[in-house]
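Please have the sequence and the structure at hand while reading.

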Amino acid sequence: MGQWLEGKPVADGIREQVKVEVARCREASGKVPGLVGVLIGDNPASQSYLRMKEKACQNLGLFGQIQYWPADIARLDLKARLEALNADDRIDGILVQLPLPKGQDTQEVISWIDPAKDVDGIHPISLGRLVQNQPCLSACTPRGCLELIRSTGTSIEGKNVVIVGRSLIVGKPLSLMITNENGTVTICHSKTRDLAGVCARADILVAAMGKPGFIGPEFVKEGAVVIDVGSNAVADKDIVRRLFGADPKRESEIDTKGYTWVGDVQPKVIDKAAWMTPSPGGVGPLTIAMLMRNTLDAFRRRHGV
Ligand code: NDP
């Protein structure tokens, strides 16, 4: 049986470092890093993610603000508002919470953010710099996955790393980061053949699919490091029973909240893995910690502090 790789202790270490460095920046320059999170429309999950990010800013001494823009905001108005944030010297990081409402062109909207303030690391210039292995602001969740892998003492160099999922925010940037760290990467998606066979060759397996409990023990090599990025709201008690057996806590969560959070990896995979992140409680805390780190890095580069 492997060990659970909890995100909180790793995230707490990063947050503590950021807090100290933010205080130093304030002393040196009289300024603090500033992050604006933009919510377009009123997606409740996006709202709660942004509130967590705003709270993290407050706790670490950064300036954090959420701006609420209407779902049907006109294209040019949206562009003008982002340009105003780009020009605002107090703001170092701009985060447009995804997904955008129907009708908004995500790639176009992201391209309007100043790459120097692209703390989500998904502007084409940020991704291009990552491809070139140049210093850049890079996506927070993949950075968090790397921190978690490193925290186990596992070296990435020369390892077979399989990533299931090829999104712009998780799978693709992570594949580049691992390549830059000299890992040997296989990136899988919905058209991959013999997914279980490919995954079972991985020394390090990362699941970022958005499919509750899809990855079972047959996908996992004995002694692998398993990172479960998946975070899925499940309302069906039968699915919960199939994954966790009798779990009164999760079932009562469904009764009170209407859903419980579940990863892409079945909990019993811990019996085969050397390390495995829980979900929730694994990758999630790292995503927010790395966003704080990226905002601090953006501040430093912009102000030369
Ligand atoms: P996307 O929906 O953008 O991408 C999912 C990927 O998984 C796609 O590449 C898709 O393939 C692949 N996929 C889906 N089904 C299968 C399958 N049956 N076999 C193989 N591949 C499959 O999701 P995201 O990357 O945005 O998110 C993935 C998960 O991670 C979600 O649960 C999300 O909530 C979570 N997440 C968690 C974060 C955190 O901080 N904890 C942050 C970001 C995401 P194809 O490209 O062919 O469609």
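## Basis of the model

The model is predicted: local features need pLDDT of at least 70, side-chain atom pairs count only at pLDDT 80 or more, and totals for chains, interfaces and linings use all residues. Residues are numbered from 1 along each chain as its sequence is written, and side-chain values use heavy atoms, with hydrogens and water left out.

## Ligand site

From S231, a polar backbone atom is 3.0 Å from a ligand oxygen atom. Of the 920 Å² of accessible area that the ligand has on its own, the protein covers 68% (Shrake-Rupley method, 1.4 Å probe).

Helices (H or I, at least four residues) and strands (E, at least two) are DSSP runs, numbered from the N terminus. In helix 10 (residues 248-257), the buried residues are R250, E251 and I254. They lie on the same side of helix 10, because they cover an arc of only 100 degrees around its axis, taken from the directions from the axis to the C-beta atoms. Buried means under 20% relative accessible area, exposed over 50%, and partly exposed in between (1.4 Å probe, protein chains only).

The buried residues of helix 10 pack against strand 9 (232-234), helix 9 (237-244) and strand 10 (260-262), with contact meaning heavy atoms within 4.5 Å. The face turned away from the buried side carries the exposed residues P248, K249, D255 and T256. In helix 1 (residues 7-29), E21 counts as buried, at 13% relative accessibility. Beyond its neighbours within four places in sequence, E21 is in contact with R293, L296 and R300.

## Backbone of the loops

A cis peptide bond joins L98 and P99, with omega about 0 degrees; another joins S279 and P280, with omega about 5 degrees.

N182, which is not a glycine, has a positive phi of about 70 degrees. N182 lies in the loop between helix 7 (171-180) and strand 6 (184-188).

Methods: A polar contact is a pair of N or O atoms within 3.5 Å; within protein, one must be able to donate a hydrogen and the other to accept it, and residues adjacent in sequence count only if both atoms are side-chain atoms.
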